[in-house]
Amino acid sequence: MQHRTLAFIGAGNMSRSIIAGLVKAGYPAGQITAANPSLPKLEALASDYGIHTTQSNAEAARDAEVIVLAVKPQLMAGMLAALVAELGSLEGKLLISIAAGIKVARLGEMAGGHDRIIRTMPNTPALLGLGMTGLYAPEHIGARDREFAEQMMQAVGKTLWVDQESGINGVIAAAGSAPAYFFLFMQAIAEEAEAMGFSPEQARLLVQQTALGAAAMVEQNPELALQTLREQVTSKGGTTAEAINTFQQQGLMPLTAHAMQAAVARATEMETLF
């Protein structure tokens, strides 16, 4: 992996996860700086991973070759305006955004016309190193910059490039928001298990181990379609078949499609807010 001087503006959970993944993968801690207004998160990062920390965004970014934009979307414009004002320009620096809802063109405007920007959309399992991140870069972004961004996000999971920026909203619907879909389904199963007489602890064990095993079966059998995996555990006339038929009769597939399109619509709407 390329080793560049790297500055994280914002030291929240996602920054911490990426930093942890990078250091674990052998990235030099001395080439990483994190900036954050409050000290506790910075002190924890310095103690846990040996990176540099500062309360000054400009200090972190001044000598950085790559700046990771990891502040809340509503704070992005003010942060970048202040950064450009203090540094004069961001020339020669690659900006990688992990913020939701702000398109590359808008980030460029916020950054004083800077156009060397890559947008990423990680999801929360990145906190465990099991993330799924979508990436988008305009055509003029070079191969080495794309490679760096990809490898950085692979430190916390898998990655997928989209050709059009609108594809990021599809990533949000299929991966960014999707952990919550699975949690909701798991909640529904667990609550019904409790209604059948299992304790909350027993119901959770049944659900989480089954979900873990099902995900592992998908990962370890890439040659099998999801439908095939489902069919393999659905004996004709059996209990699973009855449950699957009920899901299908109640419209699980179209309901899921509708929910995902609602996520896309909201993501598109959010792009107009910043």
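Helices (H or I, at least four residues) and strands (E, at least two) are DSSP runs, numbered from the N terminus. What you're looking at is a predicted model, where local features need pLDDT of at least 70, side-chain atom pairs count only at pLDDT 80 or more, and totals for chains, interfaces and linings use all residues. Residues are numbered from 1 along each chain as its sequence is written, and side-chain values use heavy atoms, with hydrogens and water left out.

**View 1. Glu-109 and Arg-106 pair up within helix H5.** A salt bridge here is a side-chain nitrogen of Lys or Arg within 4 Å of a carboxyl oxygen of Asp or Glu; by that rule the count comes to seven. In the one between Glu-109 and Arg-106, the closest N and O atoms are 3.1 Å apart. The two residues sit three apart in H5 (residues 104-110), so about one helical turn separates them. For accessibility, buried means under 20% relative accessible area, exposed over 50%, and partly exposed in between (1.4 Å probe, protein chains only). Glu-109 is exposed at 56%, while Arg-106 is partly exposed at 31%.

**View 2. Asp-145 meets Arg-4 in a salt bridge.** The N to O distance for this pair is 2.8 Å. Asp-145 is buried, with a relative accessible area of 8%. Arg-4 counts as buried too, at 8%.

**View 3. Arg-116 also forms a salt bridge with Asp-145.** Here the N to O distance is 2.7 Å. Again distant parts of the chain are linked, with Arg-116 in the loop between H5 and strand E6 (117-121), Asp-145 in H6, and the two 29 residues apart. Shared partners make one salt-bridge network out of Arg-4, Arg-116 and Asp-145. As for Arg-116, its relative accessible area of 24% makes it partly exposed.

**View 4. His-114 sits in the loop between H5 and E6.** At 12% relative accessibility, His-114 counts as buried. Its side chain reaches the backbone oxygen of Leu-90 at 3.4 Å. That's a polar contact: a pair of N or O atoms within 3.5 Å where, within protein, one must be able to donate a hydrogen and the other to accept it, and residues adjacent in sequence count only if both atoms are side-chain atoms. Taking contact as heavy atoms within 4.5 Å, and skipping neighbours within four places in sequence, His-114 touches Leu-90, Glu-91, Lys-93, Leu-95 and Gly-108.
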